[in-house]
Amino acid sequence: MTETVDVFKVVRKTIEEELKKAELTVKTCGTKKAELSSPVSEATGFWENPAAIISKPTRWIIHFEKSERGIKADFAKKSDGSIFPGAQTVGYLNNREGNCSAFIFKTHAAIKQNDGTFKFPNWEWLIAMIFSSPLPAGTSSQTLSNFTPSEGTVVYSDKNYPIETLAVFRIHPENADLEIEEIGSVTYDEATIALKEFLSEHNKEEI
């Protein structure tokens, strides 16, 4: 908890110092509470009740799967391989003033097991999504949806916006190793690399 707060404060302060020169600001999602406010499903690796939360998700849930080729990160997907509705929504923000040029959100890990169920080891990262110009004024709960790393875009107020920079900030968990039956050890460091690779089709940085 303490480290999460400390990392967030440093990240936000660093970005704000650059943006305030242009009278712009940073918006955040999921940073007020350390714990998840809504239950998740080990059966699906997503929210237990997606319909109740995808309009205001407090975390971006990412699936991780280990194979002989290593660990891969991907959008949260159903058993048939289709992406869950809302799985590309990274969070929501209050941008009534129209001065948001950076968005910080929490990413939460779901590790897939051989039987198709998932473990949630409480591994998280902060991701900063930075835009070259401020997002136009919206509502008090405007979502950033349909995030497409390969295109480097996200949808805000029904319009695609290009992302200038993505920065991944590590939050070191208490348990950095996870043992999964028939799969073996999965580490936070390996998951971090997989997350970076998933985002690597667009510009990204790691802190």
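Okay, a definition before anything else: helices (H or I, at least four residues) and strands (E, at least two) are DSSP runs, numbered from the N terminus. With that in hand, take Ser141, which is found in the loop between strand S9 (124-130) and S10. I'll come back to that residue in a minute.

Some ground rules. What you're looking at is a predicted model, where local features need pLDDT of at least 70 and side-chain atom pairs count only at pLDDT 80 or more, while totals for chains, interfaces and linings use all residues. Residues are numbered from 1 along each chain as its sequence is written, and side-chain values use heavy atoms, with hydrogens and water left out.

Now the whole chain. We have two helices and 16 strands in the protein chain. How does the radius of gyration sit against that of a compact globule? It agrees: for 207 residues a compact globule would come out near 17 Å, and the protein chain has 17 Å. That radius is taken over C-alpha atoms, and the globule rule is 2.2 Å times the number of residues to the power 0.38. If you'd rather think of a box, the C-alpha atoms fill one of roughly 55 × 30 × 30 Å, taken along the principal axes.

On to burial. Buried means under 20% relative accessible area, exposed means over 50%, and partly exposed is in between (1.4 Å probe, protein chains only). Of the 207 residues in the protein chain, 47% are buried. The accessible surface is about 10,600 Å², and 45% of that belongs to carbon and sulfur atoms. Those areas come from the Shrake-Rupley method with a 1.4 Å probe, and for residues only the protein chains shown count as cover.

Contacts next, where contact means heavy atoms within 4.5 Å. Take the contacts between residues at least 6 apart in sequence: 66% of them join residues at least 24 apart.

What about cysteines? A disulfide here is a pair of cysteine sulfur atoms within 2.5 Å. By this rule, the count is zero. As for burial, Cys29 counts as buried at 5% relative accessibility, and Cys100 counts as buried at 0%.

Okay, back to Ser141, as promised. Ser141 has 26% relative accessibility, so it counts as partly exposed. Leaving out residues up to four places away in sequence, Ser141 touches Lys56, Tyr92 and Leu93. From Ser141 to Pro50 you go 91 residues along the chain, and their C-alpha atoms are separated by 17 Å.

Another loop serine is Ser38, between strand S1 (25-29) and strand S2 (40-41). Ser38 is partly exposed, at 22% relative accessible area. Which residues does Ser38 touch, not counting those up to four places away in sequence? Trp47 and Ile53. Pro57 is 19 residues from Ser38 along the chain, with the C-alpha atoms separated by 9.0 Å.

Now a pair that I like, Asp177 and Thr187. Asp177 is found in strand S14 (residues 177-180), and Thr187 is in strand S15 (residues 184-187). Buried or exposed? Let's take Thr187 to begin with. Thr187 counts as buried, at 18% relative accessibility, whereas Asp177 counts as exposed, at 54%. The two are in contact: setting aside neighbours within four places in sequence, Thr187 meets Trp123, Ala176 and Asp177. For a sense of distance, Asp177 and Thr153 are 24 residues apart in sequence and 32 Å apart in space, C-alpha to C-alpha. Thr187 and Ile130 are 57 residues apart along the chain, and their C-alpha atoms are separated by 28 Å.

Last topic, backbone angles. Asn146 has a positive phi of about 50° although it is not a glycine. Asn146 lies in strand S10 (residues 142-148) and counts as partly exposed, at 36% relative accessibility. Ser157 also isn't a glycine, and its phi is positive too, near 50°. Where is Ser157? In the loop between strand S11 (153-156) and strand S12 (159-162), and it is partly exposed, with a relative accessible area of 42%.

That's my tour, thanks.
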